[in-house]
Amino acid sequence: RDVWMGMGVTILGGVVVGDSCVIGAGSVVTRDIPSGAVAFGVPAKVRSWRKGVTCVENDDFGCSSDPQS
């Protein structure tokens, strides 16, 4: 949910992209990306975090969107 991907992104099979992520154009995602991450590159790496995302214990990746922020 609420994932933005730039043009030409490749996501390998079996990789999970969490909620509220941004994946930069031309990136190759080879590993799971946690919720709220901003990732880009070849291979894609988490470089930053979106505003309004806070960590909670029960999410698969440890974070979830915070609509209050």
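Visitor: Why does Arg 1 count as exposed?
Guide: Arg 1 has a relative accessibility of 73%. Buried means under 20% relative accessible area, exposed means over 50%, and partly exposed is in between (1.4 Å probe, protein chains only). At 73%, Arg 1 therefore counts as exposed.

Visitor: What should I know about the model and the numbering?
Guide: This is a predicted model, where local features need pLDDT of at least 70, side-chain atom pairs count only at pLDDT 80 or more, and totals for chains, interfaces and linings use all residues. Residues are numbered from 1 along each chain as its sequence is written, and side-chain values use heavy atoms, with hydrogens and water left out.

Visitor: What makes Asp 19 and Arg 1 a salt bridge?
Guide: The closest N and O atoms of Asp 19 and Arg 1 are 2.9 Å apart. Asp 19 sits in the loop between E2 and E3, while Arg 1 is in the segment before E1, so the pair ties together parts that are 18 residues apart in sequence. (Strands, E, are DSSP runs of at least two residues, helices, H or I, of at least four, numbered from the N terminus.)

Visitor: How many salt bridges does a search of the whole structure find?
Guide: The search turns up 2. Arg 50 also forms one with Asp 2, with the closest N and O atoms 3.1 Å apart. Arg 50 is in the loop between E6 and strand E7 (53-55), and Asp 2 is in the segment before E1, so this pair ties together parts that are 48 residues apart in sequence. Arg 50, at 23%, is partly exposed, and Asp 2, at 42%, is partly exposed too.

Visitor: Why is Ser 27 called buried?
Guide: Its relative accessible area is 1%, so Ser 27 falls under the 20% limit. Ser 27 lies in the loop between E3 and E4 and touches, among others, Gly 8, Phe 40 and Ala 44 (contact is heavy atoms within 4.5 Å), not counting residues up to four places away in sequence.

Visitor: What does the side chain of Ser 27 reach?
Guide: The backbone oxygen of Gly 24, at 2.7 Å. A polar atom of the Ser 27 side chain also lies 3.0 Å from the backbone nitrogen of Gly 41. Gly 41 takes a positive phi near 115 degrees in the hairpin of E5 and E6, which has 4 residues between the strands.

Visitor: And Ala 25: buried or exposed?
Guide: Exposed, because its relative accessible area is 59%. Ala 25 is in the loop between strand E3 (22-23) and strand E4 (28-29).

Visitor: How do you know that E5 and E6 pair?
Guide: Two strands pair if DSSP finds at least two bridges between them. Strand E5 (residues 37-40) and E6 have 4, in the antiparallel sense, so they qualify. Ala 37 stands opposite Trp 49 in E6. E1 and E3 run parallel, joined by 2 bridges, and Met 5 has Ile 23 in E3 as its bridge partner.

Visitor: What order do the 4 strands of the open sheet take?
Guide: E1-E3-E5-E6, with mixed pairing. Strand E1 (4-5) and strand E6 (45-49) are the edge strands, because each pairs on one side only.

Conventions. Polar contact = N/O pair within 3.5 Å; in protein donor to acceptor, adjacent residues only side chain to side chain. Salt bridge = Lys/Arg side-chain N within 4 Å of Asp/Glu carboxyl O.
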